[in-house]
Amino acid sequence: MTSLFSRFSPLLFIALAGVLGLVAVALAVSGLALPAYVLGGLALLGQVLALIGLLRERRLVVEVTAMLKRLKAGDLEARVARIEGSSPIELLAWEANDVIDFADAFVREATASLEAVSRQVYYRRVITTGMPGAYRRGADAINAATDAMQHKIKNFAAARGTFEQNTAHVVSDLATVTLEIGAAARQIGAAAGSTTERTAAAVAASGEARSNLETVAAATEQLNASIAEISHQIHRTAEIAHEAKRETTEANVRTQVLIKSAERVRQVVALIKEVADHTNLIALNATIEAARAGEAGRGFAVVANEVKNLAGQSARAADEITGHVTEIEGGVGAVSGAIKAASDVITAMDEAAGSIASAMEEQSAATKEIARSVEQALASATTVAGNMDGVQRATGETQKSATGLSQSSADLETHSGRLSGSVGAFLDELKKVI
Amino acid sequence: MTVDRSLTGRERFFESSDVIVTKTDLKGRITYANRTFLNIANLDVRHALNAPHSLIRHPDMPRCVFWLLWETIQAGKEIFAYVLNRAVNGDHYWVFAHVTPSFGEQGEIIGYHSNRRVPRREPIDTVIKPIYAELLAVENSHANRKDGMHAAVVALTEKLKSAKVSYDEFIFSI
């Protein structure tokens, strides 16, 4: 039955019913009395068949309409699956199916290819085999775009590779430089610190030197005063020495006079002694003579005896005088020696004072030289102190700069780390993209 | 009912402007077939609709290819394959099949869709036929069909791995 309808169009059945109707009418007009029910039955059959056929075609039309509605809504799954004949309407349904098949194929291809591109898969191209007209042109355009994208991505990937390499180098270099700067900054800081310490020490030393120099200057001044005083006193000493010398000379002269006087005393005493001895001898002779004279000479003997005693006394006095003279002479000799020694001492003292004076003169000159030098040294020390101030300030600045540099280097390190991280992250993102 | 697997050795061809289109439900039963399919498979609509797609399976096709095909499309992905099919009269024809899942409004798989185009001849003769023969031999070397198929899947996987390409890359490279 189905195949019957598949093969014959309802039109055929309508035509058949019409023909049968016409035959029935013709027979009726011609008076041929074929049983009317036979003809009527045949016509009815034809009409029923035609109706069934029409209903089938109507079903197809409804199905195609429903399919087109779904298609309109973007549902590419819609098809009229059961088409069993080749009537115009059935052919229409097949054509409609084909239309959707092409649209469906294009959408599947385009979607798959673009999804692949989004996964960075470029070999999945839109298959254009069997793809007609505008679909083909659209597919070609998509494939051309994919080609271009693949090309660009390839170039970009190469560029990314180069970029990655270069940034890796830069980041690595930066890290090295940062480390070096950090080390240099630390060295500068340490050097500046050490310089500061040394400068402080130098400043202290220069201060000390200055105060020492001032002390020296003061001492030199005092020394100068002392030297003047000493010179003055030496002068006085020389004068006194001269006076003393003159006086010793005079004393010497007097001593010589004294010695001569003593000698004369000695001569006088010797004469007295001689007289006394002679007197004694005479008295002795007188005594002897008196004794010879006996009684008469008794008185004389007494006188002679008295004379002898006197002579003895005179001799003894002379001896005593001689003793005294000798003592005097010894004393004078000692005095003379002492005077000579004193004179020698005074001469030596005079000489010494002379050499002290000349030494003092030299000393004075040297002290003046020292004072001048000290003055110069003081000026230098002041200059040094000033310079040290400058050095200290400069060192302070250097230290500050070194600290800043160190901080900058640390910052640089942080930034370089961040840069490295950012570049890494950027490249990671980039790798995700292509 | 025994499946008729007799072969005539005659190859059928279709126009390169044509595309063989079928749709199946989730179980692989045909829900739509276009005229090109019906013509080349020598089927009428009534026999095609609701029939399993394996209706046109050719005995020279390794089963592992279909296993891979189903694994892929059930995972929601598309697959391309060179396939030798058998028309119901025993003739055979080669296609370049593209099988894709059809998705519903919620993204769920509601069926499968296959577009088959005229294949390039050269890769079939130089690459596909030898590989399929090899895989088929692996499958037939096992008493158990399932074991044989798994062995063939392993063989195919190893082949791709040693060539360092994915199945897709391989198909598009030939």
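1. Contact here means heavy atoms within 4.5 Å. The model is predicted. By that contact criterion, B:P123 touches B:Y82, B:I128 and B:I174, leaving aside residues up to four places away in sequence.

2. B:P123 counts as buried because its relative accessible area is 1%, and the cut-off for buried is under 20%. One of its contacts, B:I174, is 51 residues away in sequence. In space, the C-alpha atoms of B:P123 and B:I174 are 5.8 Å apart.

3. Now the overall make-up of chain B. Its secondary structure amounts to six helices and five strands. Along the sequence the pattern reads β-β-α-α-α-β-β-β-α-α-α. Chain B has 174 residues, and 49% of them count as buried. Take the contacts in chain B between residues at least 6 apart in sequence: 55% of these join residues at least 24 apart.

4. The five strands of chain B form an open sheet, in the order β2-β1-β5-β4-β3, with antiparallel pairing. Strands β2 (30-33) and β3 (79-86) of chain B stand at the edges. Each has a single partner strand, so one side of each is left without a neighbour in the sheet. From one strand to the next, the twist averages 30°.

5. Strand pairing in chain B can be checked at two places. Strand β4 (residues 92-103) is joined to strand β5 (residues 109-117) by eight bridges, and the two run antiparallel. Within this pair, B:H98 stands opposite B:N115 in β5(B). Two helices pack on the sheet. Helix α3 (residues 63-74) of chain B touches β3, β4 and β5 of chain B, and its direction makes about 140° with that of β3(B). Helix α4 (residues 121-140) of chain B touches β3 and β4 of chain B. The direction of α4 makes about 85° with that of β4(B).

6. The other place is the β1-β2 hairpin. Strand β1 (residues 20-24) of chain B is joined to β2(B) by three bridges, again antiparallel. B:T24 stands opposite B:I30 in β2(B). Five residues lie between β1(B) and β2(B). In the turn, B:G28 has a positive phi of about 90°.

7. In chain A, consider helix α2 (residues 10-30). How far apart are the end C-alpha atoms of this helix? They are 30 Å apart.

8. Which residues of α2(A) are buried? They are A:P10, A:F13, A:A17, A:L20 and A:L27. Seen down the axis of α2(A), the buried residues fall within an arc of 110°, so they line one face of the helix.

9. Last, the interface. Chain A and chain B bury about 2300 Å² between them. Carbon and sulfur atoms carry 58% of that area. In chain A, the residues that lose the most area to chain B are A:W94, A:R108 and A:Y123. Together they make up 27% of what that side buries. The contact takes 26 residues from chain A and 31 residues from chain B.

Key: Residues numbered from 1 in each chain as written. Chains lettered and ligands numbered in written order. Predicted model: local features only at pLDDT ≥ 70, side-chain atom pairs only at ≥ 80, totals over all residues. Heavy atoms only, no water. Pairing = 2+ DSSP bridges. Helix = DSSP H or I, 4+ residues; strand = E, 2+ residues; numbered from the N terminus. Axes fitted to C-alpha atoms, helices over the stretch in contact; angles between N-to-C directions. Expected span 1.5 Å × (residues − 1). Buried < 20%, exposed > 50% of the residue type's maximum accessible area, 1.4 Å probe, protein only. Arc of directions from axis to C-beta. Buried area = accessible area lost by both parts, 1.4 Å probe.
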